[in-house]
Amino acid sequence: MAGDFNRWAPESLDFRALLKNLSREEIVDVLSEGLCSHCEEVLEARVKNLNQKSSAELLQGDSFDDVVSPKRKLNVDPHTTSPPVVESTHSRMPKRLVSVLSKPVINKQPAFNHSNLEIKLNDGLSRSVINDDLSEDEELIRFGQVGRRKDFVYYENASGKEINVLKGLELHTNVFNPDEQKEIVELVYKLQKMGQNRQLRARTYSEPRKWMRGKGRVTIQFGCCYNYAVDKDGNPPGIVRVEEVDPLPPLFKKMIRRMVRWHVLPPSCVPDSCIVNIYDEGDCIPPHIDHHDFVRPFCTVSFLAECKIVFGTSLKIINPGEFSGPFSLPLPLGSVLILNGNGADVAKHCVPSVPAKRISITFRKMDARKLPYRYRPDPELSGIKLLVPPSRDNSSRNRHHLKDGKNEKPEFHLANKRFSDEDEFPPLGKSTSSSNRASRR
């Protein structure tokens with residue numbers, strides 16, 4: 001199902017003729033209003049390639065940067081306090097970015113507004129901040145900053161036995177940094193705009209009417225068409241093999257490669273599909289167990305606003321969007337939650353009404369017996385090489401390259417599968433043997 005992303009571009013227009021009919025001031029407004037610096041770079045390259053001669057005449061000899069730069073701004077409310085400005089950590093040149101991640105739960109709307117974006121999906125991907133070509137030292141530093149938590153415990157009675165229903169859950173934090181989160185969120189908004197403009201395949205994009213609290217979140221699925229319920233053609237819940245959706249976007253494939261390379265996902269279970277969930281404030285996901293048309297493990301990546309996910313063999317629906325269960329887990333921004341074992345197949349999970357705008361991307365690998373009939377393996381997702389962390393013998397060399405020499409986290413040792421176990425968020429699921437017994441029903 002490897003697709004051509006140029007197919008997703010808006011219909012071709014005679015931009016040269018349109019530009020000739022605009023005044024210089026109108027051109028400035030069109031090319032600067034409401035766009036981030038990255039999108040302005042995309043527009044700059046596109047206009048320059050249209051017709052250098054006519055562009056030069058229209059802009060009266062001024063350089064494109066001279067025209068656009070004075071007007072650069074984001075669509076923010078002039079009456080609100082400006083969010084803090086941070087420096088990009090993935091560019092050789094300093095770049096000012098609006099921090100949209102410092103207080104995600106308090107902010108009820110995303111700090112950047114992409115309502116005016118109509119940019120081709122494949123434009124500018126070479127400038128992605130999710131870089132597959134980090135130097136060895138840079139990648140090791142980033143790898144060392146990933147928090148890994150695998151000791152979640154909660155005992156319930158299942159099939160007549162007391163078992164840890166959370167066994168198999170893993171939470172990996174700091175997998176995607178703020179710059180990378182911003183790029184992913186911007187892409188999701190572009191995809192949403194394309195879906196609204198019917199530039200995606202019919203079953204790729206879904207935006208149902210919000211008929212009650214918590215119902216009607218936007219979903220965008222790639223790689224396969226998945227039915228949540230019986231559809232109008234009588235197809236049952238699960239993968240609809242006869243339907244086609246759009247292929248995984250290049251940026252999502254970069255995310256997959258990182259998660260496999262950085263030991264977040266196993267190389268035996270490389271995702272080939274995903275579902276993007278765009279939550280408005282108050283949206284939710286009811287209790288469920290993911291369909292077995294997808295193999296285990298699978299994972300969910302979180303953006304924009306922290307929320308809680310609730311687990312348990314019996315989850316209660318109290319009110320629309322309000323659920324109760326024995327165990328809840330906060331999902332930090334940029335984190336990856338792995339669901340496997342009992343955590344995927346014994347315990348149900350749900351997301352209560354979210355406190356603010358939120359995006360999640362769930363990556364899953366399809367069962368080979370359920371692949372769409374026109375499915376073709378993606379060569380970009382094969383042969384992913386795992387990052388080999390330095391052994392303890394090389395610890396002094398590794399520390400030498402860490403900033404200020406102050407990072408003294410335990411070194412990685414691949415042979416014993418030992419990673420940094422420093423807690424980067426409040427302990428969750430930990431219990432002594434006595435608390436284990438107390439938690440059993």
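Is Asn174 buried, exposed or partly exposed? I looked this up first: Asn174 comes out partly exposed, at a relative accessible area of 34%. My cut-offs are under 20% relative accessible area for buried, over 50% for exposed and partly exposed in between, with a 1.4 Å probe and protein chains only.

**Ground rules.** I am working on a predicted model, where local features need pLDDT of at least 70 and side-chain atom pairs count only at pLDDT 80 or more, while totals for chains, interfaces and linings use all residues. I number residues from 1 along each chain as its sequence is written, and side-chain values use heavy atoms, with hydrogens and water left out.

**Whole chain.** I find 11 helices and 20 strands in the protein chain. Both are DSSP runs numbered from the N terminus: helices are H or I with at least four residues, strands are E with at least two. Buried residues make up 48% of the 441 residues. I also checked contacts, meaning heavy atoms within 4.5 Å. Taking those between residues at least 6 apart in sequence, 78% join residues at least 24 apart. The chain exposes about 22,700 Å², and carbon and sulfur atoms supply 49% of that. The area is from the Shrake-Rupley method with a 1.4 Å probe; for residues, only the protein chains shown count as cover.

**The 8-strand sheet.** I read the strand order of this open sheet as E3-E6-E18-E13-E20-E11-E8-E7, with antiparallel pairing. Strands E3 (147–149) and E7 (205–206) are the edges, each pairing on one side only. Two strands pair here if DSSP finds at least two bridges between them. I then looked at E8 (residues 218–222) and E11 (residues 273–279): they run antiparallel and 5 bridges join them. Within that pair, Ile220 stands opposite Val276 in E11.

**Helix H8 on that sheet.** H8 (residues 250–261) packs on the sheet and touches E8, E11, E13 (298–303), E18 (336–339) and E20 (358–364), its direction making about 65° with that of E20. For the angle, axes are lines fitted to C-alpha atoms, for helices over the stretch in contact, and angles run from 0 to 180 degrees between N-to-C directions. How many of the 12 residues of H8 are buried? I get 10, so H8 is largely enclosed by the rest of the structure. After H8 comes His263, with a positive phi near 65°.

**Ile184, in H7.** I placed Ile184 in helix H7 (residues 178–196). Ile184 counts as buried because its relative accessibility is 0%. Leaving aside neighbours within four places in sequence, I see Ile184 in contact with Ile130, Phe176, Leu251, Met255, Phe303 and Ile361. Ile184 and Met255 are 71 residues apart in sequence, yet 9.3 Å apart in space, C-alpha to C-alpha.

What does the side chain of Arg142 make a polar contact with? I find the side chain of Glu180, at 3.1 Å. The backbone oxygen of Val175 lies 3.3 Å from a polar atom of the Arg142 side chain. A polar contact is a pair of N or O atoms within 3.5 Å; within protein, one must be able to donate a hydrogen and the other to accept it, and residues adjacent in sequence count only if both atoms are side-chain atoms. Arg142 lies in helix H6 (residues 136–144) and counts as buried at 9% relative accessibility.

**The 4-strand sheet.** This open sheet has the order E12-E19-E14-E17, again antiparallel. E12 (285–288) and E17 (327–331) have a single partner strand each, so one side of each is left without a neighbour in the sheet. The twist averages 20° from one strand to the next. I count 3 bridges between E14 (residues 307–312) and E19 (residues 348–351), and Val310 stands opposite Cys350 in E19.

**Loop backbone.** Back to Asn174: it lies in the loop between E6 (170–173) and H7, with a positive phi near 60°. Leu304 has a positive phi of about 75° although it is not a glycine. I find Leu304 in the loop between E13 and E14, buried at 6% relative accessibility. The peptide bond from Arg296 to Pro297 is cis, with omega near 0°, and Pro297 is in the loop between E12 and E13.
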